[in-house]
Amino acid sequence: INAEYMGVFNRIIEELFFWKGHIHNQAKAKMSVQSYFRDLASNLSIEKGVEVKNLLNFTFVSPDVRNAVVMSDVQSLNPFISLIRSKPYDQVVSFHLQSVKAYFARRYGDAFSMASKAAELLLSQMDNERGKNWWLPIVNAITLQVRISAMQADAERKSRGEMEKYMTDADFLLKQFFPKMIQDRSPITDRSSVSKKLGCLFIVNHLFKIYFKLNNLRLCDHVLRVVNNANFPSLEVFPESQIVTYRYYYGRLLVFEQNYQQAEGVLDLAFHKCHRAYPKNKRRILQFLVPVKLLNGKYPELSLLQKYKLVEYIDLVRSIRAGDVRGFRENIQKYQHLFIKIGVFLLLEKLATSVYRNLFRKCRLFNDKENIAHPQRVSLKTMQAALKVNGVEMDMDELECIVANLIFQGYIKGYIAHKTCVVMSGKNPFPSLTLVNSNKGS
């Protein structure tokens, strides 16, 4: 009997401790949420935009606080939101947190709707904020929520076989920020200026991301017209992270337009300016920069590819440099799905021309030793044999077609003597690829 009573007694004690801990955790969470909103209210009242942005994005906020805020229902958050005396930022915060809650609950359409309401409130408030731009970081936080919610909502629609619509709505909404920002006449001397124009590049980058996601790069023309407008500030006045993002997308757009020389310069600058603390971003830039450099006849160091784990490019670079046609084809086929996913597959296929060029360049060097009397006359049979060694069987007609294409595009200087040889120029028969591409651009 005593043992039975002791068992019941112990279970009661354990339950009491459980409920004591649960009540303590609830009280602690409530205090944490209260502290979070007090920080929001305080930073809004003294116009500390960066701190408010970090709180809205839950940057530097403990997971416990974030979870407590996100998991709370709207009614229970209202008393905390009432701590915010700055109007209409109390409503901006309310809509934003409702958006975040919906996003975490995977109700992406609702998340976009709430984020849009917060953005519309900010648009209305911008006319009242004269001679100030402390709130620009808040615009950044809200517009970020607009974009990511729209993308997720459309991804959900696409999975159901429905047309995308949220990103189009986000595009329309975000573009409304441009006139209010670009028309500000406050002088810009540096990043500490109070001009509203300092928020423009963040909006530009959001629009780039939407257009690339929609795979409608024609829409980028409008954005570039804004950036190239005389009223648009110099890029140097914007935060480095925003400049890097802009150059990454602008570089990709130049690749799409086949302006490879300019694309290389823009992407190269983006890579070197990207902070080393973000290796994934540097890797993302390299995924486009490496193919562009290869098209311009520049080969990346093996150590660079290894450092950023670009294993898909290691054998590719080797095969292009060696003129290894079979190795090039095998590598393209091996990583085809990855290249398509990244968006570089068609770009890499263009490198087949460089592979043939490098192989035929070896044939010319071989001919210099074997045919001293006429080194510029490279036999088509020699080229055919070189291809066979590479495991590629090719008839004479197909070979002549490939060589004719190389000559037409400027990769080889010379002409074909039908069924006999390629008569190459005695001076620089294989122009640099940078020069070839620049001539194409002109």
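**Ground rules.** I number residues from 1 along each chain as its sequence is written, and I work with heavy atoms for side-chain values, leaving out hydrogens and water. Because the model is predicted, local features need pLDDT of at least 70 and side-chain atom pairs count only at pLDDT 80 or more, while totals for chains, interfaces and linings use all residues.

**Entry 1, largest pocket.** I looked up the open spaces on a 1 Å grid over the protein atoms alone, where a pocket is an open set of points with protein on both sides within 12 Å along at least five of seven lines, a cavity is a set where a 1.4 Å probe fits but cannot get out, and lining residues have an atom within 4 Å of a point. Grid points are joined across faces, edges and corners, and a volume is the space filled by probe spheres set on the points. The largest pocket holds about 1200 Å³, and of its 35 lining residues I note Lys-209, Ser-241, Thr-245, Asn-281 and Arg-284 as those nearest the centre. Two or more lining residues come from each of α2 (49-56), α7 (136-159), α10 (200-214), α12 (240-256), α14 (279-295) and α18 (336-342), the helices being DSSP runs of H or I with at least four residues, numbered from the N terminus. Among these, α12 gives the most, with eight residues. I sorted the lining into 13 nonpolar, 12 polar and 10 charged residues, counting Ala, Val, Leu, Ile, Met, Phe, Trp, Tyr, Cys and Pro as nonpolar, Asp, Glu, Lys and Arg as charged, and the others, Gly among them, as polar.

I find two or more lining residues from each of α7, α10, α12 and α19 (345-349), and α7 gives the most, with four. The lining divides into 13 nonpolar, three polar and six charged residues.

The contact (heavy atoms within 4.5 Å) is made by Val-244, Tyr-248, Arg-252 and Val-255 of α12 and by Arg-284, Ile-285, Phe-288 and Val-292 of α14. I count six nonpolar, no polar and two charged residues there.

I found two cavities of 30 Å³ or more. The largest, of about 40 Å³, is lined by Val-74, Leu-77, Ile-81, Ser-94, Leu-97 and Gln-98, and α4 (74-81) and α5 (89-104) each give two or more of its residues.

Leaving aside residues up to four places away in sequence, I see Ala-115 touching Ser-99, Ile-142, Gln-145 and Val-146.
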